[in-house]
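This briefing is meant for a reader who is meeting the structure for the first time. Please keep the sequence and the model in view while reading the points that follow.

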Amino acid sequence: MNLFKNKRNYSRLFAPFVDKKELNALKGIINRQWLGLGPNVEILEREWENLFSNRTCIATNSGTAALHLSLLINNFNRGDKVLVPNLTFISSASAVLYCGLQPVLVDINPSTLSVSVDDLEEKFCSNKNIKAVVIVHYAGHPAPMEEIIPWAKERNIVVIEDCAHTTIVNYKGKLLGEWGDFGCFSFEEKKIMTAGDGGMIVSKDTNLKSRLKAFRWVGIDKDTWRASNQYIDKDSIDSMHWYYEINELGYKYNMNDLSASIALTQMSKLSDIKKRRREIVKTYMECLSKCKLLKPCIEYSNSYVYQIFAILSPKKDFSIRFFKQKGIATGCHYTPLSEQPLLHAADESEASYPHSENIYNQLITIPLHPLLSKKDMRYICNSIKELDYALSNTATCEAIPGELGDSAKP
Ligand SMILES: *Cc1c(COP(=O)(O)O)cnc(C)c1O
């Protein structure tokens, strides 16, 4: 059964870029009959360590796990606080909650949609015990790390870069994920490169390697795949080959070799993946430059690589219904965390987040993935132009069938 066989590429917001190459890599793992945490995970980690300068890279089974462990390893006290941008996926905040820490939400900068440096300082001054900050490179657009790192150093705050929307990308001479104390990447299927599911911790403190490895492998600091050879190795007289110690409460957060083999294949295709995404973003930007009312949510730049393409519309619901009639997928990344009941209940500050709210009211994600063809892009861009025309002409706008006004809302 192929659920997506008869659908158009633009009926999906995101899609993985996988083919026979990944299938062959998986076949190799199946034939070898070692599927779990094994040598391929280590090969992936070495490849990542070779890309970054002086970093330890530990692969996990998700970006969320990478964020969780990057916070946990610091041994903060329960109740300590962590600054988190308001416009992000829930994992940026749930990782904080998993550690018994308290997220303090920070408004965004309307030009980058990443955290506002002014509001970081404001929230730092009005809270006690701020120990860390999670920085999200929203959509893949770099947050101003050259300002954030010195700011955080001065205040003795640990910087965790949530790199889930980006990949191996250079920003002002350093890779994203290399600026902070920790960089956390996601290889979830909707992200720029995938492992099905997976993540990577990039740690500045290379001494943390064995603790991080233990944390992601239920507390065991020994590689089972390596130890397994010793069961039958006649030359090794070590009868204690079976022994390991648990010193800390660990998690089942390891990547497995099936996922690692997909990730390794994706690494070999990364330049092609980046190229395709850049072409699509460029096409969208050209189209939007001709629009009167519709705008890109940020100044998308060809220097970076993006996971999300979003536009701003003065009539969000109308526009979403318009795209729906065209068969074009839309979404909204994200509802501000301050509006989520989970975090709303925990937020005693009654702070307001005017920029997040204002952007949220206009924000619409449209398709961005390497499967979009030139023909798909022509269709989406023509629809964008049609929508812009309809929006600039109120009479047409009211006449569009399916636009039923507020009564149509759930
Ligand atoms: C996807 C995502 C995550 C979580 O990654 P998973 O691999 O799905 O756990 C974290 N932060 C952001 C901003 C994300 O978009």
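This is a predicted model: local features need pLDDT of at least 70, side-chain atom pairs count only at pLDDT 80 or more; totals for chains, interfaces and linings use all residues.

Where is the place of Ser338? Ser338 sits in the loop between H11 and helix H12, the latter spanning 341–346.

**Nonpolar cores**
- The largest nonpolar core has 70 residues, and those with the most contacts inside it are Tyr284, Tyr300, Phe309 and Ile384.
- When neighbours within four places in sequence are left aside, Tyr284 is in contact with Phe309, Ile366, Pro367, Leu372, Met377, Ile380, Cys381 and Ile384.
- Apart from this core lies another, made up of 32 residues, among them Leu72, Leu101, Val136 and Phe182.

**Helices H1 and H9**
- Helix H1, which covers residues 20–32, packs with helix H9, which covers residues 257–268, at an angle of about 145° and with the axes 9 Å apart; the crossing of H1 and H9 is right-handed.
- On the H1 side the meeting residues are Lys21, Glu22, Ala25, Leu26, Ile29, Ile30 and Arg32, while H9 brings Asp257, Leu258, Ser261, Ile262, Thr265 and Gln266.
- Sorted by class, the contact of H1 with H9 holds six nonpolar, three polar and four charged residues.

**Helix H11 and what follows it**
- In helix H11, residues 316–325, the residues Lys316, Phe318, Ser319, Phe322 and Phe323 are buried.
- Just after H11, Gly327 takes a positive phi of about 75°.

- Although Lys316 and Ile364 are 48 residues apart along the chain, their C-alpha atoms are separated by 7.0 Å.
- Leaving aside neighbours within four places in sequence, Lys316 is in contact with Cys332, Tyr360, Asn361, Gln362, Leu363 and Ile364.
- Ser338, in its loop between H11 and H12, is likewise buried, with a relative accessible area of 9%.
- Not counting residues up to four places away in sequence, Ser338 touches Asn86, Leu105, His344, Tyr353 and Glu357.

Key
Residues are numbered from 1 along each chain as its sequence is written. Side-chain values use heavy atoms; hydrogens and water are left out. A nonpolar core is a set of buried Ala, Val, Leu, Ile, Met, Phe, Trp, Tyr and Cys residues joined through side-chain atoms within 4.5 Å. Buried means under 20% relative accessible area, exposed over 50%, partly exposed in between (1.4 Å probe, protein chains only). Contact means heavy atoms within 4.5 Å. Axes are lines fitted to C-alpha atoms, for helices over the stretch in contact, and angles run from 0 to 180 degrees between N-to-C directions. Helices (H or I, at least four residues) and strands (E, at least two) are DSSP runs, numbered from the N terminus. A crossing is left-handed if the near helix is turned anticlockwise from the far one by less than a right angle, and right-handed if clockwise. Ala, Val, Leu, Ile, Met, Phe, Trp, Tyr, Cys and Pro count as nonpolar, Asp, Glu, Lys and Arg as charged, and the others, Gly among them, as polar.
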